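Thanks for coming, everyone. Please bring up the sequence and the model, and we'll walk through a few spots together.

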Amino acid sequence: MATLAEVAQHAGVSASTVSYVLSGKRSISTATRLRVEQSIRELGYHPNAGARALASSKSNIIALMVPLRTDMYVPVMMEIAIAVATTARTYGYDVLLLTGEEGPDAVRRVTGSGLADAMILMDVELDDERLPLLRGTDQPSVLIGLPADTSGLTCVDLDFKATGALCVEHLAMLGHRDIAVIGEAPSVYERHTGFAERTLDGLRSRARELGIRVLHRPCGGGYDAMAVTLARILDERPRTSGFVVQNEQAVEPLLTLLRRQGRAVPEDVSVVAVCPDQVAVQASVRLTSVSIPAQEMGRQAVERLVAKLDGRGTDEVVLIAPELTVRASTGPAPSAAS
């Protein structure tokens with residue numbers, strides 16, 4: 001591996017000149033800078049990360065805090081994380097992935113140690129314990145998610161409130177008057193996780209405006225949990241003809257149980273899902289769905305964080321408008337069809 005001294009010798013300059021080209025701390029003539037950069041490319045020189053950090057007070061690292069919980073759909077979280085990492089590399093940053101459920105301690109560790117230049121936080125709760133620490137530090141940060149109070153913060157998220165409203169509007173347009181919402185695991189609501197709460201808020205608000213009856217039931221993952229949840233729903237609201245599912249692990253168990261009960265989709269019941277397109281199109285019935293724009297969320301979060309690092313960014317809330325794709329799982333309500 002080439003050294004700084006070898007780069008200097010190859011370019012015919014002093015080692016200090018190479019260092020100044022790398023750090024940008026002194027003005028170097030264009031001809032000399034181009035010659036040094038050419039030598040760096042030809043020799044494959046990579047500055048030592050530790051030495052570079054000491055010299056510039058920068059690590060060129062972004063910390064991504066993404067607690068991997070058993071009650072969350074990990075593939076979506078990882079798709080966002082990959083989008084963050086690939087976008088960060090285009091701006092010359094690497095990503096430090098923090099997956100533990102450390103909460104405020106993780107924020108303190110990053111801000112106090114200089115591990116990273118900035119932070120992106122995921123799995124945001126409405127009253128997230130990490131937020132007072134973020135507001136109290138000068139280190140730039142962006143949330144992928146929306147807390148109850150966004151003052152002094154930069155947030156990027158799908159507009160989950162509009163997502164819930166869009167699902168109800170679609171089913172109402174088809175004549176469905178009794179709708180059941182199969183939600184995330186109970187612990188997600190107990191933590192007041194932002195995306196789940198906001199979807200439910202938007203769904204209920206729009207349902208009231210349209211005169212639609214809504215029953216919400218959280219659901220754990222797996223067939224058995226879905227069987228219990230569906231039985232409760234049909235016992236309480238036997239005329240339920242529309243389902244909104246915000247729980248990727250419940251999608252296929254729900255379709256299987258409806259089929260076994262002789263309820264055809266979409267002739268007898270309609271199903272709308274809030275899920276990645278891959279889940280929707282690979283289900284046993286291709287699902288009408290609002291997709292999760294994971295790559296867009298990751299990309300926009302990094303772009304706004306880099307703008308902050310460059311002194312250009314301001315605190316803002318970026319909500320991505322939901323898009324509903326109609327597939328084979330929704331149709332007119334039985335009463336409307338007849």
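Predicted model: local features only at pLDDT ≥ 70, side-chain atom pairs only at ≥ 80, totals over all residues.

Start with helix 11, residues 223-236. It has 14 residues. From first C-alpha to last it reaches 20 Å, close to the 20 Å expected at 1.5 Å a residue.

Which residues of helix 11 are buried? They are M226, T229, L230, I233 and L234. Seen down the axis of helix 11, these buried residues fall within an arc of 125°, so they line one face. In general, an α-helix has 3.6 residues a turn, so residues three or four places apart point the same way. On the other side of helix 11, D224, V228 and D235 are exposed.

Now the cores. The largest nonpolar core has 46 residues. Within that core, I80, I120 and I144 touch the most other members. Take I120: its contacts include I62, L64, V84, V142 and L305. There is also a second, separate core of 26 residues, with A180, L255, C275 and L287 among them.

Last, the backbone. The peptide bond from V265 to P266 is cis, with omega near 15°. P266 sits in the loop between helix 12 and strand 9 (270-274).

D123 has a positive phi, near 55°, and is not a glycine. D123 is buried, at 6% relative accessible area. H192 also has phi near 55°. H192 is partly exposed, at 41%. Its loop runs between helix 9 (186-190) and helix 10 (194-210).

Definitions and conventions
Residues numbered from 1 in each chain as written. Heavy atoms only, no water. Helix = DSSP H or I, 4+ residues; strand = E, 2+ residues; numbered from the N terminus. Expected span 1.5 Å × (residues − 1). Buried < 20%, exposed > 50% of the residue type's maximum accessible area, 1.4 Å probe, protein only. Arc of directions from axis to C-beta. Core = buried A, V, L, I, M, F, W, Y, C linked by side-chain atoms within 4.5 Å. Contact = heavy atoms within 4.5 Å.
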